[in-house]
Amino acid sequence: MKNNIKVERAKKNITQADLAILAKVSRQTINAMELGKYVPSTVLALKLARIFEIDVSEIFTLEEDDLK
Amino acid sequence: MKLNYLFPNKYKKIGWTLLIPSVIFGLITLIFDFEPIFLDFKVPAILVDEILGKKVLFGFIENNILNEIVGIFIIVSSILVAFSEEVNEDEYISKIRLESLVWAVYINYGILLVAFLFIYDFSFFWVMMLNMFTILLFFIIRFHLQISKQKNMLNNEE
């Protein structure tokens, strides 16, 4: 699964630390998600969408690998 | 999402302050076979199975209780260290926790399997005795290494 958290973060002009506070998770979590090393829970995905004021599907997109 | 199977964060510090001296003391008592006479007691036992004696259910047994005390300290303190929340416990840390636990079980039983095959008699008793504690110790080491690796990665980002 791909995500563009980093891009959305840049649009909003907030740091990883800011986003971590807003989403009530650790900075490690934000970092791991941006690096594609961690797939968040549905709850966290929805929270991020709410913070960025966009749809979940605009942040996260499926890749070929996910459909196998 | 709230997890309810972890201890509050403050117990981690208590765990560490108990664990380190207990492990050191435990190893000393093990290596030097330290059994002070004043800790010899008659204690209740579920099964009394004396060498050359008979087997009795629910009886009393002569025993030096130092190893029991040290063992309890190591187990309780390592459980506190292993299963107290991190300051910033969240779903990603839970994932690292679970991975580390699986990893620790694999390593622990891997070592036990090798010991099964190549270590016999009384030496195997030592392996089993250490194996009681190593599963938690392996978990603690692996989990904290992973957490600090994540923290280092963050520091490199800045």
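The domain assignment divides chain B into domain 1 (1–85) and domain 2 (87–158); such bounds come from an automatic or database domain assignment. This is a predicted model, where local features need pLDDT of at least 70, side-chain atom pairs count only at pLDDT 80 or more, and totals for chains, interfaces and linings use all residues. Residues are numbered from 1 along each chain as its sequence is written, while chains are lettered from A and ligands numbered from 1 in the order in which they are written.

Stay with chain B. Taken over C-alpha atoms, the centres of its domain 1 and domain 2 lie 20 Å apart. Their contact takes 10 residues from domain 1 and 9 residues from domain 2. Two residues are in contact if their C-beta atoms, placed from the backbone, lie within 7 Å.

Now turn to chain A and its helix 2 (residues 16–23). Helices are DSSP runs of H or I, at least four residues, numbered from the N terminus. The buried residues of helix 2 are Gln16(A), Leu19(A) and Ala20(A). Buried means that 20 or more other C-beta atoms, placed from the backbone, lie within 10 Å of the residue's own. These three sit on the same side of helix 2 of chain A, because they cover an arc of only 105 degrees around the axis. The arc is that of the directions from the helix axis to the C-beta atoms. What do the buried residues of helix 2 of chain A pack against? They pack against helix 1 (5–12), helix 3 (27–34) and helix 4 (42–52) of chain A. Just after helix 2, Lys24(A) takes a positive phi of about 55 degrees.

Notes: Buried ≥ 20, exposed ≤ 12 C-beta atoms within 10 Å, placed from the backbone. Helix = DSSP H or I, 4+ residues; strand = E, 2+ residues; numbered from the N terminus.
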